[in-house]
Amino acid sequence: MKSYSDSYKAAGVDVTAGYKSVELMKEHVKRTSIPGVVSGIGGFGGLFQPDMTGMKEPVLVSGTDGVGTKLVAAMLLDKHDTIGIDCVAMCVNDVVCCGAKPLFFLDYIACGKNVPEKIAEIVKGVAEGCVQSGCALIGGETAEHPGVMPEDDYDLAGFTVGIVDKDKIIDGSKMQAGDVLVGVASSGVHSNGFSLVRKVFGLNKEKLETYYEELGCTLGEALLTPTRLYVKPALAAIEAADVKAISHITGGGFYENIPRMMKKGLTAKVDRSAVPVLPIFDLIAKTGNIPERDMFNTFNMGVGMCMAVSKETADAAIKALNDAGEKAFVIGEVVEGDEGVILC
């Protein structure tokens, strides 16, 4: 007998919609399969057998995050096929900061009403993020919350597990004055600071569909540009150079995130003129009359990842990142001091 409940459906939860969602997303999930995947989706747990060949002391590294209120823009424009990329990026970009390679990913979608086609579009983005990061999507959960969330609303969060050999963990302990700060370009706002973005623009569908010459696209297109996935480029840089610390520039911008990678007694001295501030940030600052200090304490400003690299291997790191499809450049140096980060 097939699972079906008229009473549960009357209460706002259609279990058959959940089954349809799973069927629609299977083709996307299949794209993420990599060696080590033991189980398909649909079970009570996602199974993965990691290959630890050559590792002396394997260490698991986990990360979890969501996409915040960037979801508002996606819902207003009814565009849901890239928001999943953001969800993956927010998790795997954190994990790679330790030097770890992400192995697998799980997502969680809470929605007011399960519309299978919409859920499948969200998962399509999640799968794309996993493919770009070289990890497998091995499970997830979709939960209907009728009466708690409006029917058109949803929230999205994710979780990843990566692995790194203990003696290859990147933790900033080997950092020293004279190391070079290498910045890796962002694609835009990524998935942080959207509460301020919404306040500045008073987001609605009309505002999002407004074309801006300085952006070369509509505001909505700029804001929904997916977060860059730095996993493969970062791992290539780690292989090619002496990378001592990595910071994923997310909410809190430069002032909150760069100090997290700094060794005690050392400061990141960032050359403000070397930061390639993107047009979207200039527009936000101008429209909201936001001081530059607040901008750098909220957004990535055009630098989505920062690496501290030995001076001798900085060029090799930049080449590896550029060869992997990123735009990398020197943005400063490590100096003595306890200020965490200074912009000058």
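## Burial and loop geometry in a predicted model

Buried residues, meaning those under 20% relative accessible area with a 1.4 Å probe and protein chains only as cover (exposed is over 50%, partly exposed in between), make up 49% of the 344 residues in the protein. This is a predicted model, in which local features need pLDDT of at least 70 and side-chain atom pairs count only at pLDDT 80 or more, while totals for chains, interfaces and linings use all residues. Residues are numbered from 1 along each chain as its sequence is written, and side-chain values use heavy atoms, with hydrogens and water left out.

The protein has 13 helices and 12 strands, taken as DSSP runs (H or I of at least four residues for helices, E of at least two for strands) and numbered from the N terminus. The radius of gyration is 21 Å, close to the 20 Å that the globule rule gives for 344 residues, so the protein is as compact as a globular protein of that length; the radius is taken over C-alpha atoms, and the rule is 2.2 Å times the number of residues to the power 0.38. With contact meaning heavy atoms within 4.5 Å, 85% of the contacts between residues at least 6 apart in sequence join residues at least 24 apart.

Helix H9 (residues 231-240) has Val231, Pro233, Ala234 and Ala237 as its buried residues. Their cover includes helices H4 (83-95), H5 (116-133) and H13 (314-323), together with strands E2 (101-111), E8 (243-248) and E10 (303-309).

The loop between helix H12 (292-296) and E10 holds threonine 298, and methionine 301 also lies in the loop between H12 and E10. Threonine 298 counts as buried because its relative accessibility is 19%. A polar atom of its side chain lies 2.7 Å from the backbone oxygen of aspartate 294. Leaving aside neighbours within four places in sequence, threonine 298 is in contact with Gly193, Leu196, Thr250, Gly251, Gly252 and Gly253.

Methionine 301 has a positive phi although it is not a glycine, and asparagine 289, in the loop between helix H11 (279-288) and H12, likewise has a positive phi without being a glycine. The table sets out their values.

| Residue | Phi | Relative accessibility |
|---|---|---|
| Asparagine 289 | about 50° | 68%, exposed |
| Methionine 301 | about 60° | 4%, buried |

Technical notes. Polar contact = N/O pair within 3.5 Å; in protein donor to acceptor, adjacent residues only side chain to side chain.
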